[in-house]
Amino acid sequence: RLAAEQGHIQAQYNLANSYKQGTGIPRGDREAARLFGLAAEQGIAATQFDFAVCCELGKGVPQDLGEAACYCRLAAEQGDADAQTNFAGC
C-alpha cells in the first residue's frame, strides 16, 4: 500500500487488482478505479485499459464513455491486445 501511494506503478496496479477482485482485502471498486487511474496517468498500457473499463462500466467512477475511449485508445496504441480488440469496436 505504501509503495502504491508513493507512485510505484506496479504496486498501484497490484493493489488495484486486489481491490477489484477482493483478494486479501475487501472488494472496493472506488479504490480500484482510483489506483488504476493513478497508474494509467503514468502511461502503462495495462493500467490504461483497466481504467478504461472502469470508466466504461461506471465501476468506482462515474460512467464516462468518452474517457473510456480515450484511455482505451492510449492502451491500444501501446499494443495492449485487449484494448486493441475493444477499441476496434468503437
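Relative accessible area sorts residues into buried (under 20%), exposed (over 50%) and partly exposed in between, using a 1.4 Å probe and protein chains only. The model examined here is predicted, so local features need pLDDT of at least 70 and side-chain atom pairs count only at pLDDT 80 or more, while totals for chains, interfaces and linings use all residues. Residues are numbered from 1 along each chain as its sequence is written, and side-chain values use heavy atoms, with hydrogens and water left out.

We can start with the charged side chains. A search of the whole structure finds four salt bridges, each being a side-chain nitrogen of Lys or Arg within 4 Å of a carboxyl oxygen of Asp or Glu. Among them, Arg34 pairs with Glu5 at 2.6 Å between the closest N and O atoms. This pair links distant parts of the chain, with Arg34 in helix 3 and Glu5 in helix 1 (residues 2–5), 29 residues apart; helices are DSSP runs of H or I with at least four residues, numbered from the N terminus. Glu31 counts as partly exposed, at 21% relative accessibility.

Methods. Helices (H or I, at least four residues) and strands (E, at least two) are DSSP runs, numbered from the N terminus.
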